[in-house]
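Please open the structure in your viewer and keep the selection panel at hand. The tour below goes from one selection to the next and says what is to be found at each.

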Amino acid sequence: MAERAPAVELKGITKTFPGVVANDDINLAVQPGEIHAVVGENGAGKSTLMKILYGMLRPDSGTILMDGSGVHFRSPKDAIAAGIGMVHQHFMLATNFTVLENVVLGSEPAHAGALDFGAARARIRELSESHGVPLDPDRLTEDLAVGERQRVEIVKVLYRGARILILDEPTAVLVPQEVVELFGQLRELRAQGVTIIFISHKLDEVLEIADSITVIRDGHTVRTVKPEEVTARQLAELMVGSELPTPETRESTVTEEVLLSVQGLGVRVGARWALEDATFDIHHGEIVGIAGVEGNGQRELVEALIGLRKPDTGSVILAGTDITQWPTRQRRENGLGYIPEDRQGRGLLLPSPLWENTMLGHQTLYPFARGPWINKKGARAQTEHLISEYGVMTPGPDTSALALSGGNQQKLIVGREMTAAPKVLIAAQPTRGIDVGAQAAVWELIREARALGLALLLTSADLEELIGLSDTLYVILRGRLVARLDPATVTPEELGSYMTGAKQAGVA
Amino acid sequence: MRKRWQIRLLWLLVPISAIVLAIVVSSLVLLSIDASPVDAFRSMYEYGTQGNSLASTVNRAVPLFIAGLAVAIGFKMNLFNIGVEGQYRIATLMAAAAGAAVTLPAPFHIAFIMLVGMVTGAAWASIAAVLKVKRGVHEVVSTIMLNSIATGLGAYLLSNYLRKPAVGSELLIATPQIPHSGQLGPLTTIGGEDVRSFVLIAILLGVFVYVLIWRTRFGYDLRASGINPDAARVSGVDPNKMIMRTMLLSGAIAGLIGMSDLFGFFHAYTLDLPTGIGFDGIAVALVGLNHPIGIAIAALVFGWVDRAAQILDLEGIPKEVIIITKGVIIFSVVIAYEIVRRVVLSQEVKTAAEETRKLEQAEEETVAA
Amino acid sequence: MSWAGPDTGLTGPGAETGRRLDARRLLLLLGWIIILVSGVRWITSAPDLTSSGTYGAALRLAVPILLAALGGLYAERTGVTNIGLEGMMILGTWFGAWGGWQFGAWWGVVLGILGGTAGALVHAVATVSFGVNQIVSGVAINILAAGVARFLSVVAFTGAGGGATQSPQVSSDLPRITVPILAGGGLFGWDSPDVLGSLERKQWFLISDVSAMFRGLMVDLSILTVITLLLVPITYFFLWRTRLGLRMRSAGENPWAAESLGVRVYTMKYIGVLISGALSGLAGAFLVIETAGIYREGQTGGRGFIGLAAMIFGNWRPSGALAASGLFGYTDALNLRSADAVHALVLFVAIALVGLGAWYLYRRRLVGGIVALTLGVITFIWFVLTDSVPRQFIFITPYVATLIVLAVASQRLRMPTYDGITFRKGSQIS
């Protein structure tokens with residue numbers, strides 16, 4: 001290829017937030033007409049970088065060049081005008097708008113202020129046909145499926161004449177068939193000369209679709225590589241910066257005694273069965289892993305177990321007692337621990353001091369409560385104990401939870417669930433979005449819990465983690481447990497093909 | 001390095017800025033009508049510090065304080081009980097009517113009247129609570145509607161069923177007089193003005209609310225639900241039960257707002273009972289930052305300003321200027337609160353991050369050594 | 001804060017989206033109501049139930065409610081809850097009266113609008129720029145507005161023929177319109193016939209009733225009434241068919257999406273809130289100039305809140321707001337004009353409930369059917385056993401009706417998704 005200036009070049013981008021450096025001297029060059037992947041762990045600074053490129057955030061220092069000349073974006077409007085479009089991870093759509101309204105918003109065709117619906121409709125039809133992205137402009141957005149909504153986002157960007165497309169974790173919400181469709185559409189777009197920046201942490205996908213890959217770690221650019229030069233494992237090591245820690249458990253501690261028994265559990269969401277006929281047991285000292293692409297029923301399963309959702313069928317039996325009808329509090333008081341997947345959204349009272357966060361979920365129990373009263377002294381003592389025991393880096397129990405880093409927040413949550421001495425611990429995505437050090441610590445804690453004879457349920461998007469930690473693995477697909485696998489023999493590739501439905505097996 | 005308590009001192013900026021702004025704006029208003037702010041404030045101060053004014057201030061503050069507590073309990077879990085006004089009016093009506101209908105030994109009579117008020121207030125609030133829990137109707141809309149319904153229903157009940165039989169040509173629309181056993185004498189008298197005894201019950205109520213919210217499991221659940229309803233639910237709080245309980249409690253407290261006036265002054269439900277206290281209670285709760293002590297201070301300030309302003313008319317200045325003063329206080333408090341809250345949070349995060357970094361360095365050094 | 005809020009999946013009962021109401025179904029419903037009311041009028045021989053005088057009064061009473069409802073609509077469509085409508089309306093009455101008294105009726109209208117807008121500006125600055133909770137700010141506006149009006153009255157009206165609670169007489173010489181030919185209005189000096197009027201006087205079933213309805217909406221209309229009615233289609237066109245309208249609605253439906261597309265969300269919210277204040281102010285001016293001819297304290301009588309109710313009742317749509325305001329105005333008008341007619345209305349409610357119950361049973365919705373039937377029978381018994389309805393019950397009708405609609409049909413209502421949620425520039429989606 002001739003010496004053309006990169007379509008986009010980021011030089012020395014630095015951005016700090018209170019207490020964190022999100023981007024530190026990031027350098028990135030994207031060639032015109034390529035699919036350029038930016039990979040990194042959650043929290044590595046990918047999203048911040050893309051928000052800077054899209055004008056949503058302004059960098060503290062550094063420059064952005066487009067086709068060799070410097071640009072300054074004060075708002076997304078400037079970025080859009082320069083031909084940059086962004087498809088956000090969480091769709092930026094008004095569900096109560098029609099597709100047309102969502103697409104034209106901000107750059108509407110109009111006569112004297114009145115919208116020109118005819119022109120808009122024609123343009124959307126033309127774009128969706130020429131790019132192979134089928135779309136009906138007059139449907140209400142809330143009636144669309146996830147994949148269709150993503151198409152709205154893509155057409156929205158094309159409508160604005162974007163030459164550079166940023167896709168932020170576009171596959172996170174898609175089922176495998178939709179991913180295949182999306183990749184087809186991306187290749188089509190590339191063929192038409194569109195430059196694509198593809199943010200992801202899913203390495204197999206990146207290796208499949210990208211022309212070049214830039215790895216980001218802890219806010220720094222590590223390296224830019226070509227997919228044919230690296231293996232997934234090498235890429236992963238670039239991402240985490242060291243030999244991958246392996247989440248392996250040692251000898252089996254599984255006993256014969258069943259602690260948690262799930263029988264024919266089903267959960268309906270609207271007219272759809274989000275979870276159907278789930279049946280499995282967890283024994284003393286056993287970790288049961290649930291593998292699945294996000295959105296296949298893991299969430300509903302976990303919520304039905306902890307009592308946040310009423311199951312429509314089936315029963316949950318804890319140590320011989322049927323707890324199906326119990327409210328969450330009773331379940332927790334009787335030894336059900338829970339590490340929620342959305343740490344800040346469901347696990348913490350961010351503005352409150354740590355001791356109040358340590359109580360959360362155990363506020364009815366010793367040492368946090370005495371009769372109807374809360375025991376502040378006991379809670380503080382317990383929090384101090386927890387801080388030293390679980391290595392939570394913080395000045396003390398009166399600091400607000402907001403002031404903790406993600407990893408420390410997670411250590412606090414894991415610690416508070418463990419110190420409550422549960423019988424069963426449900427860990428939903430326990431290492432999502434935390435740094436490698438904290439990840440290893442969380443793994444260690446899970447192993448300890450298992451050694452102590454707890455029954456654990458683990459859901460995760462990290463297949464290595466699932467294989468390494470679990471004693472028994474189930475694959476969940478479209479709300480059903482479709483396979484039971486032995487983690488000692490299964491490979492991540494195999495597991496992946498079960499998760500996507502490419503390979504099928506019975507639940508042994 | 002800034003200490004956490006130093007950051008928290010920033011909170012003082014909220015009341016200070018509110019009072020400064022209020023004085024500035026009121027002065028401008030006064031200047032605009034060619035009155036001297038200095039004279040006005042001086043005569044307010046002189047009149048307001050007389051003994052009888054202080055007594056009156058306390059009497060005025062008591063209902064405001066109770067209304068503030070009723071509102072604050074809801075606010076603490078992000079529940080907006082805009083219906084305190086309606087709950088107060090209907091509860092006072094029922095309590096007055098019930099109190100006049102029976103004769104009991106004094107302490108029981110008082111307790112009975114309070115109980116009727118609390119039950120009625122809670123019952124009226126429960127409509128909004130049920131609509132929210134069962135039908136997802138937001139409490140702001142339902143309580144606004146219920147305020148107006150309470151007005152209409154109260155007027156209907158009063159004029160058709162609960163009204164004292166007219167004597168001669170008397171046109172007063174009121175419930176019958178509550179007998180002596182259901183009245184409370186003054187606690188003390190300052191400068192010829194009674195201080196009503198109900199202030200003691202109000203103080204007890206304030207202590208009760210403080211203990212309930214900050215010292216009990218229920219209060220912990222309530223605050224957790226206000227800060228992060230999802231996390232609270234995951235921790236085992238049943239949001240529907242919480243809404244029901246909080247709303248009932250708020251309504252029950254609202255049912256006590258009129259008691260000071262009822263026991264100590266009117267001894268009957270009349271159309272002269274103060275109106276709008278429910279809304280003033282919202283203002284007092286906001287200005288008092290939803291804490292009983294803050295609410296008490298705010299209620300006293302509002303009560304004092306109300307009383308002290310009575311002198312202004314004699315000075316040829318419309319005393320209504322103080323309503324503008326109060327409005328300015330409310331707005332500056334809510335705006336200053338928003339700003340300070342953001343600053344304090346980001347400062348705390350920064351400080352904690354610095355301290356954490358030091359901790360980590362110290363740890364690395366010990367490992368190295 | 002929001003009336004229902006986006007469903008986070010955890011808080012509050014999950015709202016299923018029911019069938020949305022469309023214009024055709026509404027018209028059909030309206031037709032049935034007209035036939036039923038005519039029937040009741042015929043049976044009970046309470047002519048005021050459907051007289052053109054009643055409809056005319058209903059229209060006059062509906063105008064301020066409708067203006068407040070449309071005002072609320074503009075604010076909430078941009079995502080700002082406005083319970084300060086009442087306060088803004090109070091400012092409208094005071095400034096309307098002052099302007100009308102000092103400079104004449106038209107100036108009263110202009111100043112009333114500006115007064116309401118000033119209140120809205122405070123609300124916008126607090127909620128949009130400073131992120132203050134919208135309910136809190138609205139409540140504060142209501143308190144503040146009442147105080148300001150009282151203070152200004154003392155300053156401006158005392159000793160000038162008014163006082164602390166009322167203004168001097170305000171001129172109300174705005175043009176009035178009567179439609180020629182159909183309703184007997186003049187046309188270039190010609191006294192045209194009153195076709196609908198003569199039909200109304202025949203007292204024929206349905207024909208007279210419908211004629212009366214149209215005649216009531218054509219006789220002796222204030223120019224402000226005409227403007228208000230025109231605002232309904234104008235609002236629809238503006239919000240749903242123009243570029244600015246789409247952007248304003250996007251601020252209420254998903255401000256983060258709007259921001260990401262370069263829409264100036266704060267500006268949109270400011271526009272919505274300011275229009276809201278302007279319309280509330282106009283409503284206040286209408287009360288002073290067209291209804292009373294004078295400013296009196298407490299004149300708004302909670303119409304700002306009724307307007308809010310009408311907006312919700314009308315599902316955050318201009319046509320719905322019109323229907324709800326019309327209904328509330330109608331019950332008010334009956335109350336003013338004829339006790340008999342109000343009593344006759346009870347029969348209408350009884351028949352409507354029985355009809356609804358029968359429909360439910362036909363649709364095999366047993367519980368709803370039985371409840372409606374029982375209520376219908378009870379209402380009927382009430383009708384038979386009494387001769388009049390306490391006027392307080394009419395006063396509370398709009399509020400009760402709104403609560404019932406919210407309780408029964410809240411799944412079918414579709415409020416703006418991010419109504420009432422504080423939006424900060426550059427913040428994450430919440």
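Throughout this tour a residue is called buried if 20 or more other C-beta atoms lie within 10 Å of its own, and exposed if 12 or fewer do, with the C-beta atoms placed from the backbone. Please bear in mind that this is a predicted model.

Begin with chain B and select helix α8, residues 198-215, whose 18 residues reach 25 Å from the first C-alpha to the last, close to the 26 Å expected at 1.5 Å a residue. Within α8(B), colour F198(B), A202(B), G206(B), V209(B) and I213(B), which are buried. Looking down the axis of α8(B), you will find that its buried residues fall within an arc of 95°, so they line one face of the helix. An α-helix has 3.6 residues a turn, so residues three or four places apart point the same way. Turn to the other side of α8(B), where L204(B) and V207(B) are exposed.

Next, show chain C beside chain B, where 46 residues of chain C are in contact with 41 residues of chain B. On the side of chain C that touches chain B, the elements giving two or more residues are α5 (134-157), α12 (303-313) and α16 (391-409) of chain C, and α5(C) gives the most, with 14 residues. Coloured by class, that side of chain C shows 33 nonpolar, twelve polar and one charged residues.

Now move to the contact of chain A with chain B, which takes 32 residues from chain A and 27 residues from chain B. The side of chain A that touches chain B has 18 nonpolar, eleven polar and three charged residues.

Finish in chain A with the open sheet of four strands, ordered β14-β13-β16-β17, in which the pairing is antiparallel. At its edges stand β14 (272-283) and β17 (321-322) of chain A, each with a single partner strand, so one side of each is left without a neighbour in the sheet.

Technical notes: Residues are numbered from 1 along each chain as its sequence is written. Chains are lettered from A and ligands numbered from 1 in the order in which they are written. This is a predicted model: local features need pLDDT of at least 70, side-chain atom pairs count only at pLDDT 80 or more; totals for chains, interfaces and linings use all residues. Two residues are in contact if their C-beta atoms, placed from the backbone, lie within 7 Å. Ala, Val, Leu, Ile, Met, Phe, Trp, Tyr, Cys and Pro count as nonpolar, Asp, Glu, Lys and Arg as charged, and the others, Gly among them, as polar. The expected span of a helix is 1.5 Å times one less than its number of residues. The arc is that of the directions from the helix axis to the C-beta atoms. Two strands pair if DSSP finds at least two bridges between them.
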